[in-house]
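Dear colleague,

I am passing on the structure below, together with an account of what turned up when I went through it. Please read the notes with the coordinates open beside them.

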Amino acid sequence: MTIQVLIPLKQLTLAKQRLSPHVSAASRRRLMLCMLRRTVLAALDAAVGPVALVTSELTASLALIPPGVEVIDDGGLAWNEGLQHALTSIQPPPTAVLYLSADLPLITSADILKFVDSAPDPGVGVARARDGGTNALLVRPATGIAPLFGHQPSAARHARRAEEGGLVARIVDINGLSLDVDTVEDLRVARSARLHVVQPSATASRSFP
């Protein structure tokens with residue numbers, strides 16, 4: 001089964017504001033683009049299906065996104081509504097969808113494949129973040145549930161919504177999908193893994209960062 005991968009990106013001027021004032025606006029922007037590129041490359045390498053960036057960010061910075069990634073307008077809507085807007089715009093409609101957070105500094109293609117293999121089919125797979133949130137959500141069929149990102153604890157809420165809709169749900173903890181960068185402590189953890197995520201090269205290679 002081909003899985004449509006959707007990676008949301010907020011406006012870069014609003015990225016990672018919880019890191020302020022410890023990280024400058026310019027560094028927060030570079031950080032977000034660095035993590036985004038790493039996530040996109042991991043999704044492409046996993047090759048579970050087409051990869052699309054869901055955003056209304058239309059700056060030249062998106063030139064860093066590698067070929068083969070579609071950009072879908074989120075309609076200027078909020079996080080979850082924008083993802084739903086993007087999903088309904090895809091033709092033909094996908095049979096399954098993987099919502100994947102853009103800010104995952106440790107992600108690898110192996111993590112994505114492990115997650116996909118662990119998820120029920122049909123059903124809903126949830127990759128839990130360290131704070132109980134959701135960093136990856138696999139929904140089969142694609143319209144099985146709407147995403148609830150940001151509604152903490154969203155991992156448990158996604159599972160509950162799936163079960164209420166008669167779908168099997170499974171929450172998993174996978175190292176590369178558990179760390180997203182929202183706080184200075186998250187950034188320290190990423191740095192301790194020897195990932196230089198704050199100062200990416202403007203001409204990053206596939207091994208970036």
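Which kind of link do the side chains of R128 and D173 meet in? They meet in a salt bridge, at 2.8 Å from N to O, where a salt bridge is a side-chain nitrogen of Lys or Arg within 4 Å of a carboxyl oxygen of Asp or Glu. R128 lies in strand 5, whereas D173 lies in the loop between strand 7 (169–172) and helix 5 (175–178), so the pair ties together parts that are 45 residues apart in sequence. R128 counts as partly exposed, at 30% relative accessibility; the classes are buried for under 20% relative accessible area, exposed for over 50%, and partly exposed in between, with a 1.4 Å probe and protein chains only.

Before going further, please note that this is a predicted model, in which local features need pLDDT of at least 70 and side-chain atom pairs count only at pLDDT 80 or more, while totals for chains, interfaces and linings use all residues. Residues are numbered from 1 along each chain as its sequence is written, and side-chain values use heavy atoms, with hydrogens and water left out.

On the overall layout, the protein has 6 helices and 7 strands, taken as DSSP runs numbered from the N terminus (helices H or I, at least four residues; strands E, at least two). From the N terminus on, these elements run β-α-β-β-α-β-α-β-β-α-β-α-α. Of the 209 residues in the protein, 55% are buried. Among contacts with a separation of 6 or more, 66% are accounted for by residues 24 or more positions apart, a contact being heavy atoms within 4.5 Å.

The salt-bridge count comes to 4. One of them joins R140 to D121, with the closest N and O atoms 3.9 Å apart; this pair links distant parts of the chain, with R140 in strand 6 (residues 134–140) and D121 in the loop between helix 3 and strand 5 (123–128), 19 residues apart. R140 is buried, with a relative accessible area of 6%, whereas D121 is partly exposed at 48%. Another salt bridge pairs R188 with E185 at 3.5 Å, N to O, and these two, being 3 residues apart in helix 6 (residues 184–192), are separated by about one helical turn. E185 is partly exposed, with a relative accessibility of 43%.

R191 also lies in helix 6 and is partly exposed, its relative accessible area being 47%. The C-alpha atoms of R191 and P105 are separated by 9.2 Å, although the two residues are 86 residues apart along the chain.

D111 is buried yet has no salt bridge, and the nearest side chain of opposite charge, K114, is 6.4 Å away (Lys and Arg count as positive and Asp and Glu as negative; His and the chain ends are not counted). Leaving aside residues up to four places away in sequence, D111 touches L106, I174, G176 and L177.

With kind regards
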